[in-house]
Each structure stands twice: as C-alpha cells, then as structure tokens.
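Here's a quick tour for anyone meeting this structure for the first time. Have a look at the sequence and the model, then read on.

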Amino acid sequence: MAEGHTALPAELGDDHRTRLSWLDRRARAAFLGAAAHARHGHLDLVCTDRAFALGTPGATPSAALLVHDARLFRRVLLSGEMGLCEAFMDGDWTSPDLVGLIRLALRNNAALQRLNTRTSWLTRR
C-alpha cells in the first residue's frame, strides 16, 4: 500500500502533538512496514501525532484505525496479532467501523502475518 498523510481528526484533542519515544517510533515504523505489504483496500491510520493514508484512497474495503496510545506499536512488535487484540481491549486503539477493519485485515492476511515477528514469540502464552 502506498503511504500518504491525512489531516488529524478533531476528536484527538490537544494531545495530538505528543512526542513519541525512540522505541515507539521504531515500533510504528515496523507496523507501517507490515501494512505496506497489504495489497487490497485502504487504511487510514490516525496516530496521536500524525495520520497515514495507506493504500489507494477510495479503494474497497476501507477502514480507519484510531491510535489512542502509541504503546500499541510496542505491543504489536512484542506480541504480534495477540498484542494488537490486547491493545484493542485496553483501549489503545479503536475504529469507527470495527467490522470493516476486520474485513480489510482478512483481505490482507499475508501482511497481517508480518506482525508476528521474531520477537513476538517472547510474550505468547
């Protein structure tokens, strides 16, 4: 998926200028690298400091993932898909259309599997 930048939504509030740690920036870069291998649809990834438009705008399926806490990326780096799911349960991210996001993920399963990195086995139960 091609990467672009979009405007931040108003609901992120004033803390959208939050500075990310070195580790969070690297973990986000790894997440974006995995997302870049998606071949179908469009994802708006809205972080606390900037937004990314991944894929072709207007392509279907399309979805948005709103990141409320940058620790999401560390959790995914360390725990893969399980970290993504646990981060959702803890409120680190939401989506205005969770079903649409799951459909997009299923269409791009090969890219999603890239989240299961060599380090993610460390935290699997």
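Rings of Phe, Tyr and Trp (its six-membered ring) count as a pair if their centres lie within 6.5 Å; planes under 30 degrees apart are stacked, over 60 edge-to-face, and the rest tilted. Search the whole structure that way and you get two aromatic pairs. This is a predicted model, where local features need pLDDT of at least 70 and side-chain atom pairs pLDDT 80 or more, while totals for chains, interfaces and linings use all residues. Residues are numbered from 1 along each chain as its sequence is written, and side-chain values use heavy atoms, with hydrogens and water left out.

**Aromatic pairs**
- Phenylalanine 31 and phenylalanine 73 sit edge-to-face, 5.3 Å centre to centre with 70° between the planes.
- Phenylalanine 31 is in helix H1 and phenylalanine 73 in helix H2 (residues 71-89), so this pair ties together parts 42 residues apart in sequence; helices are DSSP runs of H or I, at least four residues, numbered from the N terminus.
- Both phenylalanine 31 and phenylalanine 73 are buried (buried is under 20% relative accessible area, exposed over 50%, partly exposed in between, with a 1.4 Å probe and protein chains only).
- Phenylalanine 88 and tryptophan 93 make a tilted pair, 4.8 Å centre to centre and 50° between the planes.
- Phenylalanine 88 is partly exposed at 33%, whereas tryptophan 93 is buried at 6%.

**Alanine 29**
- Alanine 29 belongs to helix H1 (residues 22-35) and is partly exposed at 45%.
- Its C-alpha atom is 8.7 Å from that of phenylalanine 73, 44 residues apart along the chain.

**Cysteines**
- A disulfide needs two cysteine sulfur atoms within 2.5 Å, and the count here is zero.
- Cysteine 47 is buried at 2%, while cysteine 85 is partly exposed at 44%.

Terms used. Helices (H or I, at least four residues) and strands (E, at least two) are DSSP runs, numbered from the N terminus.
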